[in-house]
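Q: Could you take me on a close look at the sheet in this protein, and at what lies around it? I would like one connected walk through that part.

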Amino acid sequence: MTTEEKNARKDPAFITCAHYPYDSDGRRNDENADGMTGIVLDLDEGDEVKDLFESPEVLIDHLAPFNFVAWVTAKHTASAPRMKVFIPTDGVLPKGCHKPGVAFAADRIGLSGEWKGRKES
């Protein structure tokens, strides 16, 4: 599959964990978000992702007792696995909880301190 074909597959709807107040102007952007309803780990590089893809029971073992959903992304291939993991929260958490939440989940599944999602979140 060409890069152009892969990028075209990424065009559908997306998931956001942002919470927006009912009295906002209707625009869904960072400024209008007042909290979050889940944590998303974007796993798209390196041996760590390959290990998780090949042994998904690690997610079950290390994320218990939390609920979660994991799936491969449109650009996923066997040689370059790409996954997302969504962990819903019990309610709406303040926006400031996102980065610590990502770090907590990454630590639970054993992602290194060098995992790029720690910096990008």
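A: Happy to! Helices and strands here are DSSP runs, numbered from the N terminus, with at least four residues of type H or I for a helix and at least two of type E for a strand. Helix α2 (residues 46-54) packs on the sheet and touches β2 (35-43), β3 and β4, while its direction makes about 85 degrees with that of β4. Touching, or contact, means heavy atoms within 4.5 Å. Such angles run from 0 to 180 degrees between N-to-C directions, with axes fitted to C-alpha atoms, for helices over the stretch in contact.

Before going further, a word on the source: this is a predicted model, in which local features need pLDDT of at least 70 and side-chain atom pairs count only at pLDDT 80 or more, whereas totals for chains, interfaces and linings use all residues. Residues are numbered from 1 along each chain as its sequence is written, and side-chain values use heavy atoms, leaving out hydrogens and water. The predictor's confidence in each residue, pLDDT, goes from 0 to 100. Its mean for the protein is 82, with 88% of the residues at 70 or more. Confidence is highest in β4, at 91, and lowest in helix α1 (residues 3-9), at a mean of 68.

Now the sheet as a whole. It is open, has 4 strands in the order β1-β2-β4-β3, and its pairing is antiparallel. β1 (18-19) and β3 are at the edges with a single partner strand each, so one side of each has no neighbour in the sheet. Two strands pair if DSSP finds at least two bridges between them. β3 and β4 are joined by 4 bridges, and A70 stands opposite V85 in β4. β2 and β4 run antiparallel and share 7 bridges; here D42 stands opposite K84.

Not counting residues up to four places away in sequence, R82 touches L43, D44, V49, W71, V72, T73, K75 and H76. The C-alpha atoms of R82 and V49 are 6.9 Å apart, although 33 residues separate them along the chain. R82 counts as partly exposed because its relative accessibility is 26%; the cut-offs are under 20% for buried and over 50% for exposed, with partly exposed in between (1.4 Å probe, protein chains only).

Another helix belongs to the picture: α4 lies across β2 and β4, at about 45 degrees to β2. The buried residues of α4 (residues 98-108) are G101, V102, A105 and A106. Viewed down the axis of α4, they fall within an arc of 130 degrees, so they line one face of the helix. That arc is taken from the directions from the helix axis to the C-beta atoms. After α4 comes G110, with a positive phi near 85 degrees.

Stepping back, the protein has 5 helices and 4 strands, in the pattern α-β-β-α-α-β-β-α-α along the sequence. Of its 121 residues, 23% count as buried.
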